[in-house]
Amino acid sequence: MAEAVDAQPLDFEGWACPVPLRDSPTIVMGHGGGGQMSAELIEHLFVPAFGSSPGGLADSAVVELGGARIAFSTDTFVVRPLFFPGGSIGHLAVNGTINDLAMSGATPAHLSCGFVLEEGTELGIVGRVASDMGAAARAAGVTIVTGDTKVVDSGHGDQVYVNTAGLGLVPSGVDIRPDRARPGDVVIVSGAIGVHGIAIMSVREGLGFGSEITSDTAALHPLVAAMLAVTPDLHALRDPTRGGLATSLNEIATASGVGVRLVEKAIPVPAEVGNACSMLGLDPLYVANEGKLVAFVPREHSDAVLAAMRAHPLGGGAAIIGECVEDHPSMVVVTTTFGGTRVVDTPLGEQLPRIC
Amino acid sequence: MKYLDEFNDPELAKRLLDDIHATVKQPWAIMEVCGGQTHSIIRHGIDQLIPDQVEMIHGPGCPVCVTPLELIDKALEIASRPEVIFCSFGDMLRVPGSGRDLFRVKSEGGDIRVVYSPLDALKLARENPDREVVFFGIGFETTAPPNAMAVFQAKRLGVPNFSMLVSHVRVPPAIDAIMQSPACRVQAFLAAGHVCSVMGTQEYPPLVERYSVPIVVTGFEPLDILEGIRHTVHQLERGESYLDNAYARAVPPEGNLAARKLLSEVFTVTDRGWRGIGVIPDSGWRLSETYRDFDAEYRFQVGDIHTDESAVCRSGEVLQGLIKPHECAAFGTQCTPRNPLGATMVSSEGACAAYYLYRRLNTPSTSQREVASIG
């Protein structure tokens with residue numbers, strides 16, 4: 001066996017699934033988890049069918065249209081429960097697409113919405129979702145300008161699914177892309193992580209954690225505008241939703257070919273999130289956020305950008321959590337509180353609670 | 001909700017590490033028995049902070065990993081039935097049986113639910129009297145009391161549509177089996193603290209005596225683990241062996257008497273197969289005759305399912321500490337977390353998955369490369 005090991009040196013750097021989707025002829029939940037399985041589905045099934053996008057695989061595409069640079073994005077929301085502490089599927093549907101646009105530096109302007117409604121759903125529930133969407137759009141200064149509604153048979157949906165798409169204008173001089181991170185860049189997160197995921201879990205699984213945790217859902221474009229006012233030269237932005245901060249950092253590290261070095265004790269994890277995660281056997285780095293962003297900022301601007309973020313209501317808890325390095329390209333490594341290190345990998349599919 | 005910070009204090013950790021470094025004079029191989037300890041060691045980078053002479057061998061203490069293939073196949077068969085709601089802890093869903101896992105069964109229409117407690121499954125059974133609700137009762141002595149309680153309550157409340165697929169395993173017979181292996185390299189054990197908080201410590205002195213091996217009851221937070229290692233290396237360097245309790249805040253010598261009484265009522269000791277290791281005598285629990293009606297293997301008549309383990313996968317040797325994960329030819333090639341051949345690659349607590357995830361490759365060339373690249 002020893003010879004076989006020598007004959008097959010391990011190459012983790014470029015490892016990818018050699019035969020796509022070979023082990024599952026059907027869609028499994030992990031394909032929607034935002035991790036490696038989602039990425040493989042896009043890479044091996046959607047991209048070959050559609051052709052690759054010139055802008056790469058960012059949160060939103062930036063296209064030129066009539067001389068203007070327009071950010072365009074879409075997102076579908078299949079949240080259960082529909083209403084949770086701190087928000088609802090309506091808030092997520094508006095803020096989520098706005099945030100995808102904002103991560104290109106765009107000023108969001110218009111949204112579309114598509115509803116898939118399950119037969120038998122109370123009108124009052126649909127009304128509450130619509131009302132939350134309207135309120136979120138008004139608060140964010142965007143308009144919902146077009147939409148569509150379909151109804152599916154009872155049992156074929158989960159009451160309400162919402163899709164939104166959005167358009168926004170990218171200011172000139174702004175070029176924020178996941179592949180623009182450079183060694184030396186400072187990594188800043190805009191506040192406490194893991195809050196939304198734990199809030200959802202606390203109601204979905206009926207887990208009481210002693211204190212109520214509310215979702216952090218928010219539209220982040222005003223915060224991005226405040227950051228761009230310091231310098232238009234932000235390199236990369238991501239809102240770490242499904243898959244959490246770890247997935248976003250891995251995506252940027254991979255797209256840019258840089259290493260990311262984190263300092264564990266600098267990462268803002270609220271006590272409630274940390275405790276809930278340790279009880280459930282989850283890692284806060286992989287838990288979803290809906291009102292946070294992570295920014296890759298050139299070192300010379302990092303102090304000023306951090307100050308601008310902290311001065312903004314959406315970035316009061318902003319913190320520098322690490323930096324980009326030339327070592328270990330495409331990998332995220334964290335220095336633990338004790339001075340050890342570990343690799344923070346992209347999750348496979350859904351994060352599974354550990355048994356003990 | 002502040003109850004763990006005290007056990008994550010870097011200053012105290014440094015003092016423990018200084019003591020360990022000052023104590024260790026020669027190479028030692030210590031096995032941490034529990035998967036939770038493995039997880040904590042890797043997550044906090046403890047393996048890099050202790051002296052190079054101290055080798056931590058990751059033991060067979062991940063319940064997901066040691067559940068035999070045959071039992072997974074039985075679970076898949078039961079979960080596929082239309083009348084069944086199959087309840088499981090989350091990380092069992094990705095454990096491969098013969099060609100499928102529970103996620104696949106779910107995608108094919110199986111009603112599979114992740115629960116956080118067996119009592120949630122019992123509640124489901126009461127809410128769905130026209131369905132058969134089956135709970136996948138796996139784990140060590142730690143998860144056994146709540147599972148026993150669920151069966152006990154099902155009988156007491158008369159919930160006929162509830163049953164349990166039981167694959168419980170016990171730590172002391174596994175330690176015995178590891179020490180009896182001719183190739184055994186283990187010189188001391190960190191015993192699983194939470195197992196001992198249930199069962200107490202009286203099962204261990206005979207093992208210490210028989211094999212002259214130090215056993216130190218150890219907790220799970222970083223400081224607990226360092227304290228356990230510190231106690232262990234002191235014994236080893238002095239040439240002593242005795243049962244020591246480095247987790248006294250959670251482990252009284254007698255354990256949890258109420259839980260033990262319930263366990264002896266609901267379960268009976270039985271021989272049990274361990275994935276990759278084989279059958280270890282008296283190493284498991286099954287439901288006792290009194291509770292046989294609640295045994296899913298009996299109710300769904302899946303006793304005839306017999307499955308052989310993978311011929312390539314060397315997880316048994318990994319679980320026994322005979323080889324490191326990367327010494328298996330399939331590691332990182334045929335066998336990855338995406339396509340696990342053996343259960344040690346499945347759970348994040350499994351030794352192979354932990355190695356894969358954190359790239360803890362101890363072959364000289366790769367570890368040097370890693371140190372250079374992250375140093």
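**Domains, helices and a sheet: a tutorial**

Tutor: Welcome! In this predicted model, 24 Å separate the centres of domain 1 and domain 2 of chain A, taken over C-alpha atoms. Ask away.

Student: Thanks! Which element gives the most residues to the side of domain 1 of chain A that touches domain 2 of chain A?

Tutor: Start with the division of chain A into domain 1 (59–169) and domain 2 (178–344). Where they touch, 19 residues of domain 1 of chain A are in contact with 22 residues of domain 2 of chain A. On the domain 1 side, the elements giving two or more residues are α3 (89–102) and β5 (107–118) of chain A. The largest contribution, 7 residues, comes from α3(A).

Student: How many residues on that side of domain 1 of chain A are charged?

Tutor: Sort the residues of the side of domain 1 of chain A that touches domain 2 by class. There are 9 nonpolar and 8 polar residues. The charged ones number 2.

Student: Helix α3 of chain A also meets α4 of chain A; what is the handedness of their crossing?

Tutor: Two packed helices are described by the angle between their axes and the distance between the axes. The axes of α3(A) and α4(A) (residues 123–140) come within 7 Å and cross at roughly 35°. The crossing of α3(A) and α4(A) is right-handed.

Student: And how many residues of that contact between α3(A) and α4(A) are nonpolar?

Tutor: From α3(A) the contact draws on residues including Ile89(A), Val94(A) and Ile98(A), and from α4(A) on residues including Val129(A), Met133(A) and Ala140(A). The contact of α3(A) with α4(A) has 3 polar residues and 1 charged residue. Its nonpolar residues number 10.

Student: Back in chain A, which strands stand at the edges of the 7-strand sheet?

Tutor: The sheet is open, with mixed pairing and the order β9-β11-β8-β12-β10-β13-β14 (chain A). An edge strand has a single partner, so one of its sides is left without a neighbour in the sheet. The edge strands are β9 (236–238) and β14 (341–344) of chain A.

Student: One backbone question: where does Pro81(A) lie?

Tutor: Most peptide bonds are trans. The bond from Arg80(A) to Pro81(A) is cis, with omega near 0°. Pro81(A) lies in the loop between β2 (68–77) and β3 (83–84) of chain A.

Student: And in which strand is Asp282(B) found?

Tutor: Asp282(B) has a positive phi of about 60°, although it is not a glycine. Its strand is β11 (residues 278–287) of chain B.

Notes
Residues numbered from 1 in each chain as written. Chains lettered and ligands numbered in written order. Predicted model: local features only at pLDDT ≥ 70, side-chain atom pairs only at ≥ 80, totals over all residues. Domains from an automatic or database assignment. Contact = placed C-beta atoms within 7 Å. Helix = DSSP H or I, 4+ residues; strand = E, 2+ residues; numbered from the N terminus. Nonpolar A, V, L, I, M, F, W, Y, C, P; charged D, E, K, R; others polar. Pairing = 2+ DSSP bridges. Axes fitted to C-alpha atoms, helices over the stretch in contact; angles between N-to-C directions. Left-handed = near helix turned anticlockwise from the far one by under 90°.
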